[in-house]
Structures are given as C-alpha cells and as structure tokens.
Amino acid sequence: MRFLTSLKTASFALCLMAGGAVAQGLEIIGQPVPQGTGFQPAVTELARDIGWLDHFINIIIAVIVAFVTALLIWCIVRFNARRNPKPATFTHNSPVEVAWTLVPILILVVIGAFSLPVLFKQQTIPVADVTIKATGNQWYWNYEYVDEVVDPVNDPATTLAFDSYMIGSPFTDGANMMTPEVEAQLVAAGYTKEQFLLATNTAMVVPVNKTIVLRVTGADVIHAWAMPAFGVMQSGVPGRISHLWFKAEQEGIYFGQCTTLCGQMHAYMPITVKVVSEEAYAAWVDANKKAVIDGGDYVDVSAVVLAGDAAPLAVAAND
Ligand SMILES: [Cu+2]
C-alpha cells in the first residue's frame with residue numbers, strides 16, 4: 001500500500017461529454033424514502049437481527065408504558081384526597097418493594113439475553129472473502145482493497161485504492177448544494193436528484209453473498225462508517241484499526257453516511273456501496289487495476305456490467 005490513492009477519481013466533465021445518463025444496471029435498495037418509518041430493507045443477517053431486537057424491545061417498552069400509565073391513572077382516581085379525607089399512615093410494604101426491584105432486574109436480564117448474542121455476532125469477525133480498508137478523511141472516504149495488488153510483477157506494493165467523494169462536494173466542483181450542474185452530474189452517474197447527499201462519485205463494490213471484512217480507521221479525526229441496510233456501524237479512530245463485517249444477500253446500490261460528527265462538512269461524506277455478482281466484481285477489479293496501470297480514471301461497475309464483460313446482473317425485487 002505504497003500509494004494510498006492509486007486511482008484517480010472519475011472526471012465528471014468526461015462523463016458529461018460522453019452523453020448523459022449512464023444506466024446503472026442495479027436497483028437502489030438502501031436509501032431513505034419519503035414518509036418512511038422504521039429501518040431500511042435488511043439485506044444481511046446482522047440487519048435482520050437488529051430489526052428483530054428492535055421490535056422485541058419495543059414490545060417490552062409498550063407493555064411497561066401501558067402498565068405504568070394504568071397504575072398512575074388508578075392511583076389518581078382511587079387514592080385522591082377527595083376520596084380519602086383521612087389518609088393512611090403506613091410507609092412500607094416489603095412484598096411490593098421486593099417486586100419493583102426484582103421485576104425490572106428480570107426484564108433487563110431477558111433483554112440482555114437476546115441482545116448480547118446479536119452484539120457478539122457483529123463483533124466476532126469471520127474469515128474474509130474480501131478485505132477492504134476504509135479510511136475516513138475530512139470529508140471523504142478512501143477505500144483500499146488490501147489483497148488486490150495492481151501489478152504483482154512490476155510493483156507488488158501498490159494495491160487497488162481510490163477516494164470517494166459526495167457528488168456535489170467541492171471536490172466535484174459543487175458547494176454541497178443542489179444546482180443544475182450537480183443534478184447533471186448525478187444523472188450522468190446514473191442517479192437522480194433524489195440521491196443528492198447520498199451518492200458518491202466512486203462506490204465501494206463488493207460481491208454478493210461473500211463475507212466482507214472492513215478495516216475502519218480515520219486519517220485526521222474520528223469518523224464512522226455506517227450502512228443501515230447491512231446493520232453495521234464502526235468508528236474510524238486515527239491510529240487504530242477497527243473491524244466490521246457483513247455478507248450482503250441482495251445485489252443493488254446501498255447508501256450510508258459518516259455517523260460521527262467529524263467537522264464542518266460531516267454531512268457531506270456519504271457512503272455508496274454497490275453489491276454485484278461475483279463475475280461483475282472480478283471484472284470491476286480487473287478493469288480498475290488496468291486503469292491504474294494505464295493511468296486512467298476509476299471505472300464504475302455499471303460500465304463493466306453494461307459492456308458485457310460480466311454475466312448480466314439479476315436485479316432482485318425491492319420489498
Ligand atoms: Cu463525519
């Protein structure tokens with residue numbers, strides 16, 4: 001990893017000259033939707049576990065709230081001063097005190113018994129099929145495919161790596177605001193203006209149904225790499241490497257964001273992940289290695305797919 005950024009990021013002027021919209025060949029699955037409530041569609045076991053745990057704890061909370069509310073109403077109605085002109089004078093009731101100590105303890109034990117296994121599953125890092133190092137910078141991400149040496153014969157030290165900026169950020173000639181130029185860039189990259197603040201100029205690409213291990217760190221301040229549809233979030237702390245893992249089960253495009261306040265433009269360093277077939281992933285890696293050697297730009301996975309270098313993408317339905 002001699003050069004952290006071995007690939008230049010795509011030039012939008014070139015994209016625009018190439019003539020408008022690039023079909024993505026992939027469905028956008030992981031993004032916020034208008035009037036949406038709850039979680040984004042879960043495409044990993046971890047995300048399903050978290051969703052289940054959330055529902056489970058919500059039920060417990062609802063029961064407790066209903067019980068306490070009923071108790072309050074009963075006390076107000078039954079034990080008010082008007083109905084009890086001569087108040088009782090006792091101060092203690094041991095059975096009730098034992099109950100209100102033990103019952104909450106039991107509730108916490110039950111919650112812990114279900115939540116700790118989910119936490120351990122997240123934090124037990126399996127053997128990786130693909131290992132990627134994600135480095136948070138003010139204010140963009142860098143992705144390094146640590147096992148993908150670009151040119152093993154002539155330059156065994158350079159791995160595939162590239163920066164990922166929000167479309168519309170100053171790096172892409174924007175000012176973090178929606179303008180006609182930014183919309184044109186989004187369309188050129190295969191998005192619409194709905195994906196403003198989410199879409200990036202380069203995407204992290206991973207194969208479907210493979211175990212991906214992400215090494216997360218920060219280059220300057222603390223950032224955090226988070227992907228709601230995968231149920232993962234990990235702080236990127238300068239000087240140390242943290243790990244997260246996921247196995248995405250559905251091809252598509254997913255959006256996440258930096259989730260630790262890292263400075264003035266924290267809101268403008270989103271994350272785009274494209275989950276593709278194994279064949280498309282391999283072709284994408286090869287195309288980008290070739291681009292590094294030839295001094296070319298980052299190659300989007302849609303170019304690989306649409307050029308027919310890989311098997312056609314099966315786009316799964318979004319439920
Ligand atoms: Cu941030």
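Visitor: Where does aspartate 173 lie, and what is the value of its phi?

Guide: In this predicted model, aspartate 173 sits in the loop between S4 and H4, and its phi is near 70°, a positive value in a residue other than glycine.

Visitor: Is aspartate 173 buried, exposed or partly exposed, and why?

Guide: The idea is to count C-beta neighbours, since a residue needs 20 or more within 10 Å to be buried and 12 or fewer to be exposed. Aspartate 173 has 13 C-beta neighbours inside 10 Å, and therefore it counts as partly exposed.

Visitor: Where is asparagine 209, and what is its phi?

Guide: Asparagine 209 has a positive phi of about 55° although it is not a glycine, and its place is in the loop between strand S5 (204-207) and S6. Because asparagine 209 has 13 C-beta neighbours inside 10 Å, it counts as partly exposed.

Visitor: How should I read a helix, and which residues of helix H4 are buried?

Guide: An α-helix has 3.6 residues a turn, so residues three or four places apart point the same way. In helix H4 (residues 180-188), the buried residues are Val182, Gln185, Leu186 and Ala188. They cover an arc of only 165° around the axis, which means that they are on the same side of H4. Just after H4 comes glycine 190, whose positive phi is about 95°.

Visitor: Now the strands: in which sense, parallel or antiparallel, do S2 and S3 pair, and what joins them?

Guide: In a regular strand the side chains alternate between the two faces of the sheet. S2 and strand S3 (residues 140-151) pair in the antiparallel sense over six bridges, and a hairpin of two residues joins S2 to S3. Asparagine 137 has tyrosine 140, in S3, as its bridge partner. The loop between S2 and S3 holds tryptophan 139, and a cis peptide bond, with omega of about 0°, joins glutamine 138 and tryptophan 139.

Visitor: How many bridges join S3 to strand S4?

Guide: Seven bridges join S3 to strand S4 (residues 155-164), and these strands run antiparallel. Within this pairing, asparagine 142 stands opposite aspartate 163 in S4, while a hairpin through three residues links S3 to S4.

Visitor: Which strands pair with S6, and in what sense?

Guide: Strand S2 (residues 130-137) pairs with S6 in the parallel sense over seven bridges, whereas S6 and strand S9 (residues 242-246) pair in the antiparallel sense over five bridges.

Visitor: Why is strand S6 largely enclosed by the rest of the structure?

Guide: Six of the seven residues of strand S6 (residues 212-218) are buried, so S6 is largely enclosed by the rest of the structure. For the chain as a whole, buried residues make up 37% of the 319 residues.

Visitor: Which residues touch the most other members of the largest nonpolar core?

Guide: That core has 69 residues, of which Phe230, Tyr254 and Trp284 touch the most other members. Helix H5 (residues 278-294) gives the most to this core, with six residues. Leaving aside residues up to four places away in sequence, tyrosine 254 touches Ile29, Gly30, Met227, Ala229, Phe230, Val273 and Val275.

Visitor: How many helices and strands does the chain have?

Guide: The chain has six helices and eleven strands. Among its contacts between residues at least 6 apart in sequence, 72% join residues at least 24 apart.

Terms used: Residues numbered from 1 in each chain as written. Predicted model: local features only at pLDDT ≥ 70, side-chain atom pairs only at ≥ 80, totals over all residues. Helix = DSSP H or I, 4+ residues; strand = E, 2+ residues; numbered from the N terminus. Contact = placed C-beta atoms within 7 Å. Core = buried A, V, L, I, M, F, W, Y, C linked by C-beta atoms within 7 Å. Pairing = 2+ DSSP bridges. Arc of directions from axis to C-beta.
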